[in-house]
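Colleague: Could you walk me through this model before I set anything up with it? I'd like to go from the overall picture down to single residues.

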Amino acid sequence: MAENSSKFWFLTFEYFKKDVNKPEDNLVILVHWLLLRNNFQVLELDNEDKVNEEQPTDILPANWSQNEMYKLHYKRDKELFLLSGVKACDSFIFNFYNVITKHVASAAIGNINSAVKWISDSANNKDKFHETISLLETDLINPMQKENMDKKTVSTQTKKSVEDDPLVLSRVQLPGHPPGYQPEPCHPINPFPSYGMPDLNPLGGGGMLFDPLMQRRGPNNRPGVPPMARFDPIRPNDPDPMMPGSFRGPRPDHMRPPDFDDSLYM
């Protein structure tokens with residue numbers, strides 16, 4: 001942690017301390033100070049409660065701590081941002097939204113009272129104070145830095161161009177298979193394909209699990225079996241080709257012949 005990481009924090013905290021009405025107000029002051037360090041400026045509201053984008057300032061607007069839910073407008077490089085905060089039990093959640101790019105970042109303070117103690121007495125709680133600063137910078141402010149948003153935009157555009165490419169194999173629908181099914185690629189280097197994986201992933205198609213989207217069963221002519229039902233036969237059909245219909249009735253050797261005497265073993 002750099003030595004000047006808390007530069008002007010005490011001055012900022014003392015300036016806005018007069019407006020503190022609730023413990024979580026201190027957290028809003030901390031985030032405001034971090035935003036000022038990253039070249040954000042807050043926007044004031046006019047007499048009609050509309051955002052005045054022409055006069056950004058470093059001073060929080062009047063009555064900023066009067067409501068239970070916080071909503072502050074910031075501006076940087078002609079881009080408008082919305083900071084909102086809300087208390088959730090003993091925690092506090094911040095959301096930072098870029099109105100132009102629609103990007104959003106969030107950060108959560110686990111325990112309000114503990115965090116307020118650390119930032120109010122930062123001299124005796126340096127480690128916890130810097131830990132809180134690092135959390136807010138990493139989760140809330142850094143994702144809104146221009147270079148990070150540019151990387152995210154390029155990644156999104158690349159993903160979208162791949163999905164819209166009609167030549168991509170993943171977009172081709174194979175006949176006779178449900179939507180989204182893709183055959184397992186053949187890799188000569190890997191002689192052991194992932195046998196059994198279709199059973200673990202029934203949505204991928206194939207496997208022993210019944211797939212209702214697969215139209216591979218014709219009408220069922222078995223008596224007592226509903227049409228198109230999955231039916232496991234209880235016996236094979238005509239197992240003895242030399243005796244057709246051998247399972248449809250008793251065979252000649254199923255019953256004792258006349259005058260049969262089995263007292264040999266008695």
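Modeller: We can start with confidence and layout, and then turn to the sheet, the core and a few residues.

Colleague: Fine. What is the mean pLDDT of the chain, and what share of residues reach 70 or more?

Modeller: This is a predicted model, and the mean pLDDT of the chain is 74, with 52% of the residues at 70 or more. Over residues 167-172 the pLDDT is below 50, and in the model that stretch has six contacts beyond its near neighbours in sequence.

Colleague: How many helices and strands are there, and in what order do the elements run?

Modeller: The chain has six helices and five strands, and from the N terminus the elements run α-α-β-β-β-β-β-α-α-α-α. Of the 266 residues, 27% count as buried, and the accessible surface comes to about 19,200 Å², with 56% of that belonging to carbon and sulfur atoms. Among contacts with a separation of 6 or more, 45% are between residues 24 or more positions apart.

Colleague: On to the sheet, then: what is the strand order?

Modeller: The sheet is open, its five strands have the order 1-2-3-4-5, and the pairing is antiparallel. Strand 1 (41-42) and strand 5 are at the edges with a single partner strand each, so one side of each has no neighbour in the sheet.

Colleague: Over how many bridges do strand 1 and strand 2 pair?

Modeller: Strand 1 and strand 2 pair over two bridges, in the antiparallel sense, and Gln41 stands opposite Lys75 of strand 2.

Colleague: And which strands do helix 2 and helix 4 lie against?

Modeller: Helix 2 lies across strand 1, strand 2, strand 3, strand 4 and strand 5, at about 35° to strand 4. Helix 4 also packs on the sheet, where it touches strand 3, strand 4 and strand 5, and its direction makes about 155° with that of strand 5.

Colleague: Why would you call helix 2 enclosed?

Modeller: The reason is that 12 of its 15 residues are buried, so helix 2 is largely enclosed by the rest of the structure. Just after helix 2, Asn39 has a positive phi of about 70°.

Colleague: What about Asn26, buried or exposed?

Modeller: Asn26, also found in helix 2, counts as buried at 6% relative accessibility. Leaving out neighbours within four places in sequence, Asn26 contacts Phe13, Val20, Val116, Ile119 and Ser120.

Colleague: Now the largest nonpolar core: which members touch the most others?

Modeller: That core has 36 residues, and Leu27, Tyr74, Leu83, Phe94 and Phe96 are the ones touching the most other members. Several elements each supply at least two residues, among them helix 1 (9-16), helix 2 (23-37), strand 3 (79-88), strand 4 (91-98) and helix 4 (126-141). The largest share, eight residues, comes from helix 2.

Colleague: Pick Leu83, what does it touch?

Modeller: Not counting residues up to four places away in sequence, Leu83 touches Val31, Leu35, Tyr70, Lys71, Leu72, Tyr74, Phe94, Asn95, Phe96 and Leu140.

Notes
Residues are numbered from 1 along each chain as its sequence is written. This is a predicted model: local features need pLDDT of at least 70, side-chain atom pairs count only at pLDDT 80 or more; totals for chains, interfaces and linings use all residues. Side-chain values use heavy atoms; hydrogens and water are left out. A nonpolar core is a set of buried Ala, Val, Leu, Ile, Met, Phe, Trp, Tyr and Cys residues joined through side-chain atoms within 4.5 Å. Buried means under 20% relative accessible area, exposed over 50%, partly exposed in between (1.4 Å probe, protein chains only). Helices (H or I, at least four residues) and strands (E, at least two) are DSSP runs, numbered from the N terminus. Contact means heavy atoms within 4.5 Å. pLDDT is the predictor's confidence in each residue, from 0 to 100. Two strands pair if DSSP finds at least two bridges between them. Axes are lines fitted to C-alpha atoms, for helices over the stretch in contact, and angles run from 0 to 180 degrees between N-to-C directions. Accessible areas come from the Shrake-Rupley method with a 1.4 Å probe; for residues, only the protein chains shown count as cover.
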